[in-house]
Structure formats: C-alpha cells, structure tokens
Amino acid sequence: MDNRNVVMNPHDNLLTLEEHFYALQDVKEPNVFRNLFPYEEVPKIVFNHRVVPPNMPEEIWITDTTFRDGQQSRAPYSTEQIVTLFDYMHRLSGPKGIIRQSEFFLYSEKDRNAVYKCMERGYEFPEITSWIRANKKDFELVREMGIKETGILVSCSDYHIFYKMKMTRKQAMEHYLSVVRECLETGVRPRCHLEDITRSDIYGFVIPFCLELQKLGESYGIPIKIRACDTMGYGVNFTGAAIPRSVPGIIYGLNVHAGVPSNMIEWHGHNDFYKAVVNSSTAWLYGASAVNCSLFGIGERTGNTPLEAMVFEYAQLRGTLDGMDTTVITEMAEYYEKEIGYKLPSRTPFVGKNFNVTRAGIHADGLLKNEEIYNIFDTEKFLNRPVMVAVSNTSGLAGIAHWINTYFRLKGDKCVTKSDPLIHYVKEWVDKEYESGRVTSLTDEELLKVIDEGCKACNYTIGA
Ligand SMILES: CC(C)C(=O)C(=O)O
C-alpha cells in the first residue's frame with residue numbers, strides 16, 4: 001500500500017484514497033438488489049456500460065475443489081478413491097503445477113486420514129489446503145498437520161449477513177476480521193471465501209472488507225487470499241454489465257480498488273445459468289490468477305466449473321498446455337465410471353461417451369475424407385479418444401467404414417473403404433434393423449457380430 005495516495009480524515013489518521021472512498025456502508029436494511037433479483041421473476045442482467053480493461057495476469061493456474069465442494073454434493077469418496085484421484089490430478093498438473101492446489105475437509109478421522117495418505121505422496125503439486133470450521137482449535141489442527149493454507153467462510157451478501165447470520169454489516173466484518181486474525185496468529189495462511197459475491201454490495205461491503213483484510217495480512221506479513229465465490233452462478237461476462245453480476249467488474253474492484261494482487265485473487269464459479277466456464281475464463285482475463293474447479297463439474301446443485309474444461313481453456317488462452325498430460329482426463333473419466341460408479345452424461349465435452357461421435361451420414365462422409373472436418377482437435381492425441389462415427393439408420397456406407405477403421409485402429413492402406421463388399425454386407429443388415437422398426441442405436445457388440453459374419457461371407461480379412 002506504500003505507493004498509494006493518502007488523505008487525512010477528521011481524526012488526523014492517514015487513510016489511503018481507497019479507504020477514504022470505500023468506507024463500510026453499515027446500512028440498516030439489507031440491500032438485496034431487487035432490481036436484479038426480483039425472486040418471483042427470472043433474474044435480470046443490467047448494463048451500466050462501464051467497460052473494464054482486460055488484464056490477464058502473467059501467470060494463471062487452476063485450483064481444485066473436487067474433495068470439498070465436489071464431495072459436498074455427493075456420497076463421500078473412500079480414502080482409496082481420494083488418493084487415486086489425487087495421483088491423477090498430480091499427473092495432469094504437469095511440472096509447472098498448473099493444477100496448483102486442492103482443498104480437503106478435515107472434519108472427521110476419515111477426512112484427515114485421506115489427507116495424510118495424500119501428503120505421503122510427497123507431491124509439490126497440487127498443494128494440499130484445508131477447509132475447516134473457523135475456530136482456534138481447527139486452525140491449530142491445520143498447523144499441526146503441516147498444512148499452510150486454509151479456507152475460511154466470509155459470506156459477503158446481505159442475504160447471508162442479514163438473513164442467515166442475523167448481523168449488521170459492521171458486526172459481520174468485525175466477526176470475520178477476528179476469525180482471520182486468529183488464523184494469522186497460528187501462522188496459517190487464510191483464504192477468505194467471499195460467499196455470494198455476485199449478490200453483494202461491492203463498494204459498500206466487499207471492497208472496504210478486503211481493504212481491512214489487506215491491512216491485517218500486511219501486519220502479520222502473511223498475504224491473504226480472496227476467493228470470489230459466485231455461489232448461485234449469477235455472474236455474467238458481458239461487456240458493460242453492472243456489478244455485482246459483472247465478473248470483470250468484481251475482479252477489477254478487488255484488484256484496483258481493494259489492492260488485492262492478482263496472485264491472491266481466485267474465482268469460484270457455479271453453473272446454474274450455464275456460465276461456470278466462461279465466467280472462470282473471464283476472471284482470468286480480467287485479473288484473477290486462479291480459478292477454482294471440480295472434476296467433471298461435480299459440485300453443489302448444477303455443479304462447479306469443470307476442471308477439465310479449464311485445462312483446455314488454459315491451453316487455448318496460453319497457446320500451450322505447459323506440460324499438462326491431458327490423456328489423464330480420459331483415465332479419470334474411466335475411473336469414475338468403473339470404480340466410482342458415476343456415469344458421465346454422454347454429451348459432456350471432452351469426457352462423455354459421445355463427445356466426439358458423429359451420427360449423421362453426411363458428416364461421416366466428411367470424416368472419412370479428413371477427420372479434421374468434424375473433430376474439434378486431435379482427440380486421439382490429447383484424450384486418447386479417436387473421433388468416432390456411431391452407426392445408425394443415417395450413417396450410410398461411409399459411416400460404417402469409419403466405424404470399422406476407428407474401432408480396429410486401421411491406418412493408411414489398411415483402411416476399409418465404402419466400396420468394400422464387407423461394408424455393403426453390414427449396411428444391408430443395418431438397414432433391415434431400422435426397417436423393422438428399431439429406434440435405438442446399435443451397440444458395439446451387435447456390430448462386431450455382423451462384421452464377423454460379413455468377413456466370413458465376403459471372404460474378407462480386416463486390416464490385411
Ligand atoms: C460455501 C462457499 C465457500 C462456496 O463454496 C460457494 O460460495 O460456492
């Protein structure tokens with residue numbers, strides 16, 4: 001704060017300009033932004049046409065909440081599952097630690113056991129951080145376990161302050177600061193989760209509070225992280241949208257007005273309005289170094305920002321994967337399906353069964369000529385998932401040929417073509433299936449059986 005302008009207040013205290021302008025507004029009645037959130041109507045997006053300059057930090061990264069927000073919304077993982085997923089996460093993270101941190105509950109013996117087992121791995125990345133009840137005993141526990149950072153809940157909208165906590169803004173702020181001070185006393189780095197920031201009074205509460213946090217952190221020589229939580233998924237990325245819904249506006253306010261450096265700002269999104277991914281990328285683009293995600297987006301209600309999505313957003317924004325091994329994403333998806341029993345919706349980007357499957361015959365024909373025409377990128381290279389054509393009534397000869405080439409991994413002159421008699425044999429069988437009233441798609445087993453019959457009937461050897 002040394003380089004900021006200062007002004008005198010009437011009591012002769014030195015105040016930064018920010019403190020002078022952004023004093024806490026201790027309102028008597030909660031500000032619930034009824035113009036934006038009428039409750040009995042669909043929420044509104046309002047524009048004030050203030051344009052925030054993009055400001056992507058030099059370094060950006062991903063943090064993980066699979067074992068916290070992720071676990072909050074489903075049956076708990078077993079210790080073995082947590083350790084296996086943590087191993088996968090470490091491999092995905094790469095040498096630069098793009099998956100930088102992962103947060104864990106410490107409530108039960110079982111939670112703590114999982115943490116110890118993950119710690120035994122000795123990985124630098126992801127760093128293990130915690131999520132605890134905000135009291136002295138738990139801060140001591142964090143320190144004793146050798147964890148350097150913990151999350152602390154500091155809900156910031158009047159919905160939470162007035163309705164849930166039954167406090168005034170001043171009382172809430174004083175309470176939060178005392179809890180954060182206790183954490184600092186134990187030498188643990190606090191990460192303040194500003195719950196419900198997209199319904200909060202940014203200038204009347206969030207910025208004054210963050211200015212106080214900055215001062216507190218400075219006095220203990222421990223930087224305090226600010227996690228901006230879009231708890232209900234109300235954030236929007238549109239240029240000129242008004243706060244508190246504007247993601248650029250929130251990040252700008254934290255960065256410029258509250259003086260929180262980019263490497264101390266983290267965005268935590270939810271997907272209630274389908275905006276978790278774009279809002280997280282927007283947070284990066286406007287000055288947050290970290291985005292907090294959970295694997296496959298599994299989290300409260302509609303979920304969090306999917307971690308795998310942000311891996312590919314990272315690569316697109318930075319032009320490099322920076323050493324992340326993205327094929328691990330496919331291994332994790334298989335692990336969820338086989339070992340955890342969680343079936344990913346088939347159209348889920350990057351991991352669903354059908355994410356790179358095309359069904360229409362006309363598309364299949366294009367794919368057969370050149371797979372780039374209908375595949376987002378080399379999905380075989382990055383995800384170990386060759387582009388597929390499902391066989392159905394609309395696949396045509398080209399679709400069947402493509403299915404066989406992909407399934408049997410045939411390359412170059414080993415490939416079957418749509419003029420081969422085997423393809424005509426299979427097509428005849430497919431057509432009959434649908435003519436007789438079938439509406440479901442064909443399974444791999446059915447196709448393999450008819451291909452086998454076709455090879456015998458046509459005296460044909462695949463790949464010969
Ligand atoms: C409970 C808080 C920290 C949270 O996860 C959220 O706001 O989404």
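Between which two helices does the loop that holds D322 lie? The legends below take up this loop and other close-up views of a predicted model.

**View 1. The loop that contains D322.** D322 sits in the loop that runs between α11 (307–318) and α12 (327–340). The phi angle of D322 is near 50 degrees, which is a positive value in a residue other than glycine. D322 counts as buried because its relative accessibility is 17%, and buried means under 20% relative accessible area.

**View 2. The loop that contains F350.** F350 is placed in the loop between α12 and β11 (357–358). F350 is not a glycine, and its phi is positive, near 70 degrees. With a relative accessible area of 14%, F350 is buried.

**View 3. The cis peptide bond between F125 and P126.** The peptide bond that joins F125 and P126 is cis, and its omega is about -10 degrees. P126 belongs to the loop between α4 (109–120) and β5 (127–131).

**View 4. The cis peptide bond from I243 to P244.** I243 and P244 are linked by a cis peptide bond with omega near 10 degrees. P244 is located in the loop between β8 and α9 (247–257).

View 5. Is R227 buried or exposed? R227 is buried, because its relative accessible area is 1%. The side chain of R227 makes a polar contact of 3.3 Å with the side chain of E266 and a polar contact of 3.1 Å with the side chain of N292. Leaving out residues up to four places away in sequence, R227 touches several others, among them T63, E103, R191, C192 and L194.

View 6. Which distance separates a polar side-chain atom of R68 from an oxygen atom of the ligand? The distance is 3.0 Å for R68. For D69, a polar side-chain atom lies 3.2 Å from an oxygen atom of the ligand. An N or O atom in the side chain of H268 is 3.0 Å from an oxygen atom of the ligand. The ligand taken alone exposes 260 Å², and the protein buries 93% of that area.

View 7. In soluble globular proteins, nonpolar side chains tend to be buried together. In this model, the largest nonpolar core has 95 residues, and I62 and L194 have the most contacts inside it. Helix α8 (residues 202–220) supplies the largest share of this core, 9 residues. Apart from this core lies another, of 17 residues, including V391, I423, V430 and L442. Beyond its neighbours within four places in sequence, I62 is in contact with residues that include I98, I99, W284, V291, L307 and M310.

**View 8. The chain as a whole.** The secondary structure of the chain comprises 17 helices and 12 strands. Of its 464 residues, 53% count as buried. The C-alpha atoms fill a box of roughly 95 × 50 × 40 Å along the principal axes.

Technical notes
Residues numbered from 1 in each chain as written. Predicted model: local features only at pLDDT ≥ 70, side-chain atom pairs only at ≥ 80, totals over all residues. Heavy atoms only, no water. Polar contact = N/O pair within 3.5 Å; in protein donor to acceptor, adjacent residues only side chain to side chain. Areas by Shrake-Rupley, 256 points an atom, 1.4 Å probe, with all protein chains shown as cover. Core = buried A, V, L, I, M, F, W, Y, C linked by side-chain atoms within 4.5 Å. Buried < 20%, exposed > 50% of the residue type's maximum accessible area, 1.4 Å probe, protein only. Helix = DSSP H or I, 4+ residues; strand = E, 2+ residues; numbered from the N terminus. Contact = heavy atoms within 4.5 Å.
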